Amino acid sequence: MKLKALTAFYLTLVLLPLLLAWMGARPPRGIPDELATGAGMLAFSIILVEFILSGRFRSVSSGVGLDVTLRLHQLLARFALVLALVHPFFYRTPFARQLPWDPTRQLTLTPDFWAMAGGILAWLLLPSLVLLAIARSKLSYKYEAWRIMHGVGALLIVGLVLHHTLNAGRYSEDPVLRFVWLALSVGALATMIFVYLIKPLLQLGRVWRVVSVTPVANRMWELILKPTGHKGLKYKAGQFVWLNLGHNPFSIYENPFSISSAPTSGPNLNFLIKELGDSTRLIGKTPVGTTAYLDGPHGNLVVSGRKEPGIALIAGGVGIAPLLGILRQLKLEKDPRPTVLVYGNRAEDRITYRDELESLSRDHGTKVIHVLSEPPPGWTGRTGIMDAKLIAELFQSPEMKDWLYLLCGPVKMMTVTEDELIALGVPSNQVLSERFNYD
Ligand SMILES: Cc1cc2nc3c(=O)[nH]c(=O)nc-3n(C[C@H](O)[C@H](O)[C@H](O)COP(=O)(O)OP(=O)(O)OC[C@H]3O[C@@H](n4cnc5c(N)ncnc54)[C@H](O)[C@@H]3O)c2cc1C
C-alpha cells in the first residue's frame, strides 16, 4: 500500500470513534470533560491500531519500510501513554449515581468501581509496557522474553480498557460506537492470531532447508536456503524476511535478515549474517539440511520500479547484505544506469565478497569505494569514517541530486549520510534506508 493510502487508512481507524462520539446527539459538557473523554478515546484507538504497526504486516512494512513503521509504533505509543495518563485528571463532572432526569449522563460520572477498575489497572500497566519497551536494550532479559511480555501485556491492556470503555464510557452507550470499539478490539486480537497462528500454519507448507553455511569474513557467514516442495519466494532485491532457523513455525525464535541474493538468480535465497547475540553467534554451527521457515518478504529498500538516472548504495558493515542483493539484480538485468557503492568497514578482514565486488566493477561498471576506519599498513583505499565530509565529496556533482540513494548500516552513519544528502539538495523521497536496529 502506498503512503497516502496507509495514512488515510490509519487516520480513519484512529479517528472513527471520536467522530462517532462527536456526531452522536449527546448534550455537551464543559470543555475539560470533553477533553478528558476525547483523550481517553484517542489513547484507546491509537493503542488498538498499534497492533497493525507491529512490523509484521507486509502491506505496511513494504509500503513505508520497517524502520518507519516501528518508529511510528514507538512514537504513537508514547503519545497514547500521555493521553491515557492525563485522561482522568481533566474531569470536572462529579462522580455520582445517574440522575433519573439525566439519561445521557451529562451531569455525573459513574461511581461504579467495577466500571472503573479496568481503566485504573490499564492506567497503571500502560506506563510499564511503554517504559520496558524503551529500556529493552538496556535490560538484560532476552529479546524473545520481551516479545512475549510485550504482546501479552498489550492484549491485557486492550481487554481492560475495553471493559472500562464499554462500562464507564458515556459515548459508548451508543450502539454504533460500542460496535466499533468491539470490532477494533477483535481486530487487534485477530492480528495476534494471524501472526502467531495463521502465518505459521501457512508456513508449514513452505519449508526451506539449509544448503550451506560458509564464512565470508571475520564473524560473517553466508547462509543459503533452498525451497523444499515449493517454488520459493517472490521478492524484490533488497527486501528482508523473518527467518526461523531450526525451530517449528510456531516458535517465537525468528530474526529479521535481508536477502542478499538477486530474485532472478533462482529460487535459492542467500543471507549474509553477522555474529551478534544468542542466535547469530551459533549461525556457523547450523547443520546442512536444517529446516527453516520464512515470513516475508518485507521492506521497501528496493530499486525495482524506480526511474532515477543513477544509483548510489551506501553500506556500513553487514549493511551490505540488502545492497548486495540489489547490485546482483542490477547486474543480472544489465541495468545501464551509473552505480556507485560506498562500503565502509572497520578493518580489512570485515570486507565481504571482495572478489565479487571487483568483478561487478569490471563487468557492470559499478564504482566500488572501500572505506576503512582502521586500515592496515599499505592500504591504498579511502580511510576514516563515513561522515558528512566524505558524502559531500563523493556526491557533490549537480546531476547526482537526481540519483536514488540506498543506505544500510549503523544508525549514526545513516543519520549523518541522510542529513548530508538532503543538505546537498537530494529530495528525501530519493533516499531509502533500512535500519537493522530500531531501539
Ligand atoms: C530489517 C532488518 C534486516 C536485518 N538484516 C540483517 C542481515 O542481513 N544480516 C545481519 O547480520 N543482521 C541483520 N539484521 C539484524 C539482525 O536481525 C540481528 O542482528 C539479530 O536479530 C540478532 O539476533 P541475536 O539473537 O543473535 O541477538 P540478540 O542478542 O538476541 O539480540 C541483539 C539485538 O538484535 C535485535 N533482535 C534480536 N532478535 C530480534 C528479533 N527477533 N527481531 C528483531 N530484532 C531482534 C534486538 O535489537 C536485540 O537487542 C537485520 C535487522 C533488521 C531489523
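Are phenylalanine 44 and tryptophan 181 buried or exposed? Both residues are buried in this predicted model.

**View 1. The stacked ring pair of phenylalanine 44 and tryptophan 181.** The structure holds six aromatic pairs. In the one formed by phenylalanine 44 and tryptophan 181, the ring centres are 4.8 Å apart, with 25° between the planes. Phenylalanine 44 belongs to helix 2 and tryptophan 181 to helix 7, so the pair ties together parts 137 residues apart in sequence.

**View 2. The largest nonpolar core, with 44 residues.** Tyr10, Phe44, Leu177 and Trp181 are among the residues with the most contacts inside this core. Helix 1 (3-23), helix 4 (66-86) and helix 7 (175-203) are among the helices that each supply at least two residues. Helix 2 gives the largest share, nine residues. Beyond neighbours within four places in sequence, leucine 177 is in contact with Pro17, Leu20, Ala21, Met41, Tyr171 and Ser172. A second, separate core has 29 residues, including Ala217, Leu313, Val318 and Leu404.

**View 3. The aromatic pair of phenylalanine 395 and tyrosine 405.** The ring centres lie 5.3 Å apart and the planes are at 85°, so the pair is edge-to-face. Phenylalanine 395 is in the loop between helix 10 (388-394) and strand 11 (404-408), while tyrosine 405 is in strand 11. Both residues are buried.

**View 4. Asparagine 167 in helix 6.** Asparagine 167 is partly exposed, at 38% relative accessible area. A polar atom of its side chain lies 2.7 Å from the backbone oxygen of histidine 163.

**View 5. Arginines over aromatic rings.** The charged end of arginine 136 sits 5.2 Å from the ring centre of tryptophan 146. For arginine 328, over the face of tyrosine 353, the distance to the ring centre is 4.9 Å.

Notes. Residues are numbered from 1 along each chain as its sequence is written. This is a predicted model: local features need pLDDT of at least 70, side-chain atom pairs count only at pLDDT 80 or more; totals for chains, interfaces and linings use all residues. Side-chain values use heavy atoms; hydrogens and water are left out. A nonpolar core is a set of buried Ala, Val, Leu, Ile, Met, Phe, Trp, Tyr and Cys residues joined through side-chain atoms within 4.5 Å. Buried means under 20% relative accessible area, exposed over 50%, partly exposed in between (1.4 Å probe, protein chains only). Helices (H or I, at least four residues) and strands (E, at least two) are DSSP runs, numbered from the N terminus. Contact means heavy atoms within 4.5 Å. A polar contact is a pair of N or O atoms within 3.5 Å; within protein, one must be able to donate a hydrogen and the other to accept it, and residues adjacent in sequence count only if both atoms are side-chain atoms. Rings of Phe, Tyr and Trp (its six-membered ring) pair if their centres lie within 6.5 Å; planes under 30 degrees apart count as stacked, over 60 as edge-to-face and the rest as tilted. A charge sits over a ring if NZ of Lys or CZ of Arg is within 6 Å of the ring centre and within 35 degrees of the ring normal.
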